[in-house]
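Work through the exercises below with the sequence and the coordinates open. Try each task before reading its solution.

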Amino acid sequence: MNLSHVIVELDAKVVVSFLSSSSKIHPKLWALVNKRRLLLRNLHNAQVHYAFREANRSADALASLGRTQDDDFVIFLSPRLY
């Protein structure tokens, strides 16, 4: 997609910690976390930040919408306001 800057905001501190550091992870989570770490490393200027749930309402609404979608990938042509 030729993304030049990616900022990932999560409302789960432990996941931000897993993705932001190279610390050891429980073996059952290792493959899942390691795949995401590799993806982030392959993106230029990728950053992972913690965001309070209250500041993350749009992302929460999109996640809820995603659980009900049949499509694997959706592109919004304009911002959705929640």
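Predicted model: local features only at pLDDT ≥ 70, side-chain atom pairs only at ≥ 80, totals over all residues.

**Exercise 1.** Classify tyrosine 50: buried, partly exposed or exposed?

*Solution.* Take the relative accessible area of tyrosine 50, which is 33%. Apply the cut-offs: buried is under 20%, exposed is over 50%, partly exposed lies in between (1.4 Å probe, protein chains only). Tyrosine 50 is therefore partly exposed. Residues are numbered from 1 along each chain as its sequence is written, and side-chain values use heavy atoms, without hydrogens and water.

**Exercise 2.** Find what lies over the face of tyrosine 50.

*Solution.* Lysine 13 meets it, at 5.2 Å from the ring centre of tyrosine 50.

**Exercise 3.** Where does arginine 37 sit, and what surrounds it?

*Solution.* Start with the element. Arginine 37 belongs to helix α2, residues 27–42 (a DSSP run of H or I, at least four residues, numbered from the N terminus). Next, burial and charge. Arginine 37 is buried and has no salt bridge (a side-chain nitrogen of Lys or Arg within 4 Å of a carboxyl oxygen of Asp or Glu). Its nearest side chain of opposite charge, aspartate 11, is 18 Å away (Lys and Arg count as positive, Asp and Glu as negative; His and chain ends are not counted). Last, contacts, meaning heavy atoms within 4.5 Å. Beyond four places in sequence, arginine 37 touches Phe18, Leu19, Ser21, Ser22, Ser23 and Ile25.

Technical notes:
Helix = DSSP H or I, 4+ residues; strand = E, 2+ residues; numbered from the N terminus. Lys NZ or Arg CZ within 6 Å of the ring centre and 35° of its normal.
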